[in-house]
Amino acid sequence: MNDQAFESLEYAALRELVRREAQTPMGAMRAAGLAPMNDAEMIRRALRLVSESITLRERGAMWTFSELGDPTEAIQRLAIEGAPLDGLSLLELARVCEGAASARSIISNERERAPVLWELVSQLPAATERLAARVTAKILPSGDVDDRASAELARVRSEISRLRSTITRSLETLMRRQEEAVQDQIVTVRNDRFVIPVRAEARSRIGGVAHGVSSSGATVFVEPLESIEANNELQLLRDREAREVAQVLARLSDELRLELPVIKLASDIIAELDFTRAKSRLATRLDCIEPVIESDEKRATIELEEARHPLLDERLRREGKSAVPCSFTLSNERPVMVISGANAGGKTVVLKTAGLIALAALSGLHVPAKRARVPVYRSILADIGDAQSLAANLSTFTAHVSNIRRMIDVCESPALVLLDEVGTGTDPEEGSALGVAVVDHFRRECGAHLIATTHYRGLKIYAANDESVTNASVEFDERTLQPTYRLLLGLAGSSSGLEIARRFGFPETIIEAAIGRVEVSSREASAYLNRIKRESEEAKTLRHALEEERAAVAEKYAALDRDAERRATEQQREFEREMQKLLRDFEQQATKATADIAAKIEDRAARARAERDAATRRAEVAREAERLKREHAKSARASSSGARVVRQDTGTTSTASASTNGETFIASRTRDAGDIKAGDRVRVLSLDTIGIVERRKGDEVEVRAGVLRFREKLDNLELVEAVPEPSSTRGARLQRQAHARGTELRLRETSFDASSELNLIGRTVDEATDATDKFLDEAYMHNLNPIRIVHGIGTGALKRAIADLLRHHPHVARYSTAPREQGGDGATIVELKS
């Protein structure tokens, strides 16, 4: 950094903006000493302090030090052994401790959101507030020592108060006796002694000591003889009071002296917090962001997006306006930007914006931009403005050359170099050549990031021909002949000097004469640059239009997707509602049918088996319904994600059907009751059980299903298989018996295998839980108790899934891990309900 850059970039004005926001003299001093840092971690810490401060302010948790003075002198006196402090100085130190403790408490409550701030204040002992309380308990806000500061002081002041009252009453009595000699009936004090106002002509009537005369000479203030002794005693008491006050102050000073390191720490913390608060208030006022600090020199990049000059932005905001932002990037691959364009178009503002934002970021300040990345520059160098000096015998050109030479001497990479009108002030051809050489030197020899402004065609051509150099210009509106201050990347700009002269009212004859003297090649080059700019603007407008159209199309398709998802969700909900209704109806019918059948079965064991069979069937129906809901939901999601069109809702039917092991559990109830006769295989619809009709009587038949026999209405039966008509009664009987025996044999062949063990090893969790559920139903129906489920150890996922199923299963009474000889942790023993 060099002083020339600080001056050119108005860094002192930036410091002043921060200083104005400080509340305390300590914070203002820290702001006055604001300077760029060269340690990346220190910079990031300072930036985080500001960010956390903004966060706490937004949450209403912000400290304030509005009434604190500068404790520096009091701390210096306290450091002198044996030197007592006066009451006000002690109060000042107490307020410092109190303010630091209060800030610590506020930040402590938000320590998760403000870890860096907490790290700063956590060094302060929690007892600091008690230290302040020891002072405020003895020193009044006025700085006087409180009566309760010591027992001796309280006693002395009590005696003083009593004696003052005695003297006052005595003098009032005297004034009433000598009323004609007294000027006013008022007891007053002169030279710390109580006196009465006596008329000058009646002075001889009241004996005593005169302590003064009024300005008019008409009144003499007399201490009567009878009050002299009392006044003397009062003086002695006041001397005792002063000595006791001095002792109290000395003791308090000695107590604080023992805590001097804590007091200094509290003062430093307040200075840092106030300084941070000032930076955060400025950041909020200018709508700033925390910049990214790049510490890797190999990837050093300065990137500014919609950056605004802090000082210009602050001034324009006061006027209700806003600064025109600029965006650009300088990297090690493309480290140079050459800006051309109209005079007064904002070229120098871009230079100063880049330089001041870099200085602000390295000083731990947030910067006014949408996004910012700044390297840790060792050098920020600037040659901006006209530095000519008559006293130093420097012309414009020699002043620029002298400054650039010093910049070359001190430049240290990584560096940011800012050159305004490089090569100006001399012959244009020589100045242009010198400008190119200077820019190239800083780029190649110093490895600097560089921004240069120019009107020289040579520098524009240099930027156009070198891929590592960015050509840029400031926009100039040819229709209004006004600059827009926008920075355009990729385009060189025309100086538009003649147009600007015309805008400032130059005579047209001079303008026309000047145009006639401009070389044809220069006019053609200027026209070419203007044409490129127009075409670039048209391309940019077209690109914006295409991006807007693409965004609109994307939004349209997103809306279609949302609509399809909504419809799929509605269909799934409707399906689930319909399924729940069907399940409720089925449950009610099955419960009623089970109760009817159980009432008809006399044998208790047979009745229990029938009830278990019905419960198993209901559980199977519920499982199948859940499976159908999952499959329907999965299908609906797949359809909604795979299609970009609005799907039409096909509605739902009033009946539903599903298959379990090839059998229909809810079906269209079409049957002919007249076709059912003895020997037929029928389905009992309420139980979803197949049985054999043994006899029929009217609209009621007797059905045998396995070992169960019960009566059932024809309306609750569905014909499955009819026997052929018999040729004779004996043949019919034999045929029915054979058919019944065959049916019973088939039922036995398809019945549950009597094994009481289920092996789940090698199956997925879903496969295992489904198999276990069915196994529990079959075991419950066949009175297998206890049973063993082998699931292995593995990761434990299968065991946990089986335990979750068993915990809520209606057939399970209890379960536990198998004994070691029966599988240990790899198996579970289950006891079923009876």
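These notebook entries record what I looked up in a predicted model of one protein chain.

**Entry 1. The chain as a whole**

I began with the overall counts. The chain has 834 residues, of which 44% count as buried. Its secondary structure comes to 23 helices and 25 strands. I then looked at contacts between residues with a separation of 6 or more, and found that 68% of them join residues 24 or more positions apart.

**Entry 2. Two helix pairs**

I looked up how helix α6 (residues 87–109) meets helix α10 (residues 225–258). Their axes come within 11 Å and cross at roughly 30°. Angles under 35 degrees count as roughly parallel, and α6 and α10 are therefore described as roughly parallel to each other. Their crossing is left-handed. On the α6 side I noted G87, L90 and L93, which meet L249, L252, S253 and L256 of α10. Sorted by class, this contact between α6 and α10 has five nonpolar, two polar and no charged residues.

I turned next to helix α3 (residues 25–32), which packs on α11 at an angle of about 65°, the axes being 8 Å apart. The crossing of α3 and α11 is right-handed. From α3 the contact takes M26, G27, A28, R30 and A31, and from α11 it takes S267, I270, A271, E272, D274 and F275. By class, the contact of α3 with α11 has six nonpolar, two polar and three charged residues.

**Entry 3. Helix α12**

Which residues of helix α12 (residues 310–318) are buried? I listed P310, L311, D313, E314 and L316. These buried residues pack against three helices: α2 (11–20), α11 (260–285) and α13 (347–362). Just after α12 I found G320, whose phi is positive at about 80°.

**Entry 4. P375 in strand β9**

I looked up P375, which is found in strand β9. Is P375 buried or exposed? With a relative accessible area of 1%, P375 is buried, since buried means under 20%. Not counting residues up to four places away in sequence, P375 touches E294, A300, T301, I302, L362 and H449. I also noted E303, 72 residues from P375 along the chain; the C-alpha atoms of the two are separated by 9.3 Å.

How many residues of strand β10 (residues 379–383) are buried? I found five of its five. Both faces of β10 are covered, with S379, L381 and D383 on one side and I380 and A382 on the other. Strand β10 pairs with β11 (residues 415–419) in the parallel sense over five bridges. A382 has L418 of β11 as its bridge partner.

**Entry 5. Backbone details**

I recorded two cis peptide bonds. One joins S413 and P414, with omega about -5°; P414 lies in the loop between α14 (396–410) and β11. Another runs from N785 to P786, with omega near 0°. The place of P786 is the loop between α22 (765–781) and β23 (787–790).

I then looked up positive phi values in residues other than glycine. E10 has a phi near 60° and lies in the loop between α1 (3–8) and α2. Its relative accessibility is 36%, so E10 counts as partly exposed. E306 has a positive phi of about 55°. With a relative accessible area of 38%, E306 is partly exposed.

Conventions: Residues are numbered from 1 along each chain as its sequence is written. This is a predicted model: local features need pLDDT of at least 70, side-chain atom pairs count only at pLDDT 80 or more; totals for chains, interfaces and linings use all residues. Side-chain values use heavy atoms; hydrogens and water are left out. Buried means under 20% relative accessible area, exposed over 50%, partly exposed in between (1.4 Å probe, protein chains only). Helices (H or I, at least four residues) and strands (E, at least two) are DSSP runs, numbered from the N terminus. Contact means heavy atoms within 4.5 Å. Two strands pair if DSSP finds at least two bridges between them. Axes are lines fitted to C-alpha atoms, for helices over the stretch in contact, and angles run from 0 to 180 degrees between N-to-C directions. Angles under 35 degrees count as roughly parallel, over 145 as roughly antiparallel, 65 to 115 as roughly perpendicular and the rest as oblique. A crossing is left-handed if the near helix is turned anticlockwise from the far one by less than a right angle, and right-handed if clockwise. Ala, Val, Leu, Ile, Met, Phe, Trp, Tyr, Cys and Pro count as nonpolar, Asp, Glu, Lys and Arg as charged, and the others, Gly among them, as polar.
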